[in-house]
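Welcome! Here is a short tour for anyone meeting this structure for the first time. Please have a look at the sequence and the 3D view before reading on.

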Amino acid sequence: MDTDEKTCRSCGSRGLKSVLDLGHTPLADALLTRDDLNSVEPVYPLEAAFCPACSLMQILETVPPDVLFCRDYPYYSSFSDALLKHSRENALALIESRGLGPESLVVEIASNDGYLLKNFVKNGVPCLGIDPAEGPARVAEDSGVPTLTAFFTKELAEELRGLGRAADAVIANNVLAHAADTNGFLDGVRTLLKEDGVAVMEVPYVKDLIDNCEFDTIYHEHLCYFSLTSLNNLFRRHSLYINDVKRLGIHGGSLRIYAGRKDGANASVRDMLAEETDKGVDSFAYYDDFGLKVRNIKTGLRNMLTGLKESGKRIAAYGAAAKGSTLLNYIGLGRETIDFVADRNIHKQGRFMPGKRIPICGPERITELMPDFVLILAWNFAEEIIRQQDEYRRRGGRFILPLPVWKIE
Ligand code: JHZ
């Protein structure tokens, strides 16, 4: 794609520089039903580029949000025990540090199936979830988490504010990168926050993505790939200030930022900004050889897996994750090599992986069929998955971790 035509999602500058072109791929969470197998899937260009003006890595294509997230969205947060634990700790720490109680209001944007807000409900803190995905929002409501099935916009924030529902805390985990209107999203957060309220957001950290070659986390839902520098530039433009930051291990490496209407950055923010400048995370050179590294990973992984198959081994995969879809489509492996993909999420079972059309089934199939190798597509939860599949390992099964350099466990 001609990057000259494009303007940065955050600062509006021209002159984006291409980082990685993953070709045309199907939507990573558009799992197919058996009926869909008769039709051709739409594919969309997937190319990441860097903005030298504000340091934001982003993709160039914007697929309409209702196509990506509304009906039939198969991602339900509650299928990972590690994520549930992480979210519970986050909620309890926030209740404690901000002294939240029955008079407070916590709003979560992209509240999914209520995986996080249920901790506030349990502790008597009023909350509201906002999520456009009908299935997960229904599960949240049914479990007692008040949820609005809607996209978060500045207009919605104004409406809530007009109803007297300003928030003491706005939580937005893994959603800022998904917002088609990045600037409108932050305007909305500012509108919704009380004067002394806090916005707590988690985003995958682009430095971890680049350092660990996590190219498979690039897909159409993820429009932006943030460093603290690019976040800082974006937030300040909306008179929001990042005052604290933590690095987290979740999802292959994330940042959790704490922002508010008042400027008061602590040492962690200053130090991380200085470190990013020092290491060059704010300039294109840091991203320049990423494409080459990813192409090498593709060749290595493909050769290893096809080699195993040719020597008569049976291979399955674990985790019908969005990142798994990017990986399989990019390295170009399908049913000829991988027999099935196992996943605990009942909403994914019985469907087929986008593009490669590998069937998805429950994890019990692993010990039933005993493939020789299981490729872990949801490598961010590898520890949890391997622990659960103890029996498979004891009976001689082996796991393959794909990134940054494939290894057999
Ligand atoms: P998981 C998601 O990406 C969706 P995905 C989203 N695009 C986003 O931003 C990122 O997270 C951050 C299954 N599983 O979470 C559940 C088991 O079956 O890595 C999931 O289908 N058994 C909003 O889709 C998949 O694996 C298990 O024991 O790339 C994991 O997908 C565990 C732990 C998971 O993210």
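This is a predicted model: local features need pLDDT of at least 70, side-chain atom pairs count only at pLDDT 80 or more; totals for chains, interfaces and linings use all residues.

## A first look at the model

Phe50 stands opposite Met57 in strand 3.

- Four strands make up an open sheet in the order 1-2-3-9, and their pairing is antiparallel.
- At the edges are strand 1 (17-25) and strand 9 (224-225), each of which pairs on one side only.
- Strand 1 and strand 2 run antiparallel to each other and are joined over 6 bridges.
- Within that pairing, Ser18 has Ala49 of strand 2 as its bridge partner.
- Strand 2 (residues 44-50) also pairs with strand 3 (residues 57-59), again in the antiparallel sense, over 3 bridges.
- Here Ala48 finds its bridge partner in Ile59 of strand 3.
- Strand 2 is largely enclosed by the rest of the structure, because 6 of its 7 residues are buried.
- As a rule, side chains in a regular strand alternate between the two faces of the sheet.

**The hairpin of strand 2 and strand 3**

- The hairpin has 6 residues between its strands, and Ser55 lies in this loop.
- Ser55 has a phi near 70 degrees, which is a positive value in a residue other than glycine.
- Is Ser55 buried or exposed? With a relative accessible area of 5%, Ser55 is buried, since the cut-off for buried is under 20%.

**Around the ligand**

- Which residues come nearest to the ligand? Of the 24 residues around the ligand, these are Ala322, Lys323, Asp343, Arg344 and Asn380.
- Asp343 has an N or O atom in its side chain 2.7 Å from an oxygen atom of the ligand.
- Asn380 places a polar side-chain atom 2.8 Å from an oxygen atom of the ligand.
- The side chain of Tyr318 has an N or O atom 2.9 Å from a nitrogen atom of the ligand.
- On its own the ligand has 720 Å² of accessible area, and the protein covers 96% of that.
- Two or more residues of the shell around the ligand come from each of helix 11 (322-331) and helix 13 (382-388).
- Helix 13 gives the most to this shell, with 3 residues.
- Sorted by class, the shell around the ligand holds 10 nonpolar, 8 polar and 6 charged residues.
- Domain 2 (77-287) and domain 3 (306-408) each supply at least three residues to the shell around the ligand.

**Backbone details worth a look**

- For background, most residues other than glycine have a negative phi, and most peptide bonds are trans.
- His251 is not a glycine, yet it has a positive phi of about 55 degrees.
- Where is His251 found? His251 sits in the loop between strand 10 (241-248) and strand 11 (254-260).
- The relative accessible area of His251 is 17%, so His251 counts as buried under the 20% cut-off.
- Leu403 and Pro404 are joined by a cis peptide bond, with omega at about -5 degrees.
- Pro404 belongs to the loop between strand 16 (398-401) and strand 17 (407-408).

Conventions. Residues are numbered from 1 along each chain as its sequence is written. Side-chain values use heavy atoms; hydrogens and water are left out. Two strands pair if DSSP finds at least two bridges between them. A residue is near a molecule or strand if one of its heavy atoms lies within 4 Å of it. A polar contact is a pair of N or O atoms within 3.5 Å; within protein, one must be able to donate a hydrogen and the other to accept it, and residues adjacent in sequence count only if both atoms are side-chain atoms. Accessible areas come from the Shrake-Rupley method with a 1.4 Å probe; for residues, only the protein chains shown count as cover. Ala, Val, Leu, Ile, Met, Phe, Trp, Tyr, Cys and Pro count as nonpolar, Asp, Glu, Lys and Arg as charged, and the others, Gly among them, as polar. Domain bounds come from an automatic or database domain assignment. Buried means under 20% relative accessible area, exposed over 50%, partly exposed in between (1.4 Å probe, protein chains only).
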